[in-house]
Amino acid sequence: MSSDRTRLLALAAPLMVRALYSAFCTIAARRRRKLVVDALKALPGSALYDDGRLADVLAPRDVTDLHVVFDFDRTLTAHDAPQCHDPLLRLEDVELQAALAPYWRFSDEGGPPPCRGRPFRCWWDDVHALLAAHGVTLAQLSEAEARKPCYLRDGAREVLKALVALKVPTTVVSAGLEHVIVGLLQSEGLEAVSFLDDDLADAKRPTRVRVLANRLVID
């Protein structure tokens, strides 16, 4: 009888260990999911887009495959903050500003005149070429940005830090200027890196915020 019990225990022990491990993983996954949901709900204004269903959008028990993507201007930044391409408007070059003026006419029917009938990426292609032609440097752009910098909305820094701490892949996308976004996030104590410079070594469980935006190469 004793040997039978020993054999049964020997057979049952691995199953018990696996069951306990599975239960632990389930509890840990649910706890992490709750932390992620709470972090996203903490962003002011999230209720406007959530309607109480944020938790339902995420996986039922886990957030392993979750990737959070934020827009930058007026999403992570305050509703009345300058936008990250605004430094272009503050460059002190009369001829450059005259050349750029048609590109700011977004409210015109059909959009900015120089881009009508062309792929919209032409906006940045043309603007980039104008900046290069007029000899604009990143130092000048940084100086223009410093005069009236953009800033994060209340709670955005904490949400980004929480997502990084939970190792949730987080990307900020924008049609604005890459160096402005990366610089602002870094000034807020966040480890931010350009999407173009990321070696993807920790893409599955990153410890930094990745930024996908327009890079100016003008120096």
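**The second largest pocket**

A: The second largest pocket has a volume of about 380 Å³, taken as the space filled by probe spheres set on grid points joined across faces, edges and corners. A pocket here is an open set of points on a 1 Å grid over the protein atoms alone, where a 1.4 Å probe fits, with protein on both sides within 12 Å along at least five of seven lines; lining residues have an atom within 4 Å of a point. The model is predicted: local features need pLDDT of at least 70, side-chain atom pairs pLDDT 80 or more, while totals for chains, interfaces and linings use all residues. Residues are numbered from 1 along each chain as its sequence is written, and side-chain values use heavy atoms, without hydrogens or water.

The lining has 20 residues; Trp123, Trp124, Ala175, Gly176 and Asn214 lie nearest the centre. Helix 5 gives the most, four residues. Helices (H or I, at least four residues) and strands (E, at least two) are DSSP runs, numbered from the N terminus.

Asn214 also touches Glu178; contact means heavy atoms within 4.5 Å. Glu178 sits in helix 8 (residues 178–187). Its relative accessibility is 8%, so Glu178 counts as buried (under 20%, with exposed over 50% and partly exposed in between; 1.4 Å probe, protein chains only). The Glu178 side chain makes a polar contact with the side chain of Arg215 at 2.9 Å (N or O atoms within 3.5 Å, one able to donate a hydrogen and the other to accept it; residues adjacent in sequence count only if both atoms are side-chain atoms).

Technical notes
Lists of a residue's contacts leave out its neighbours within four places in sequence.
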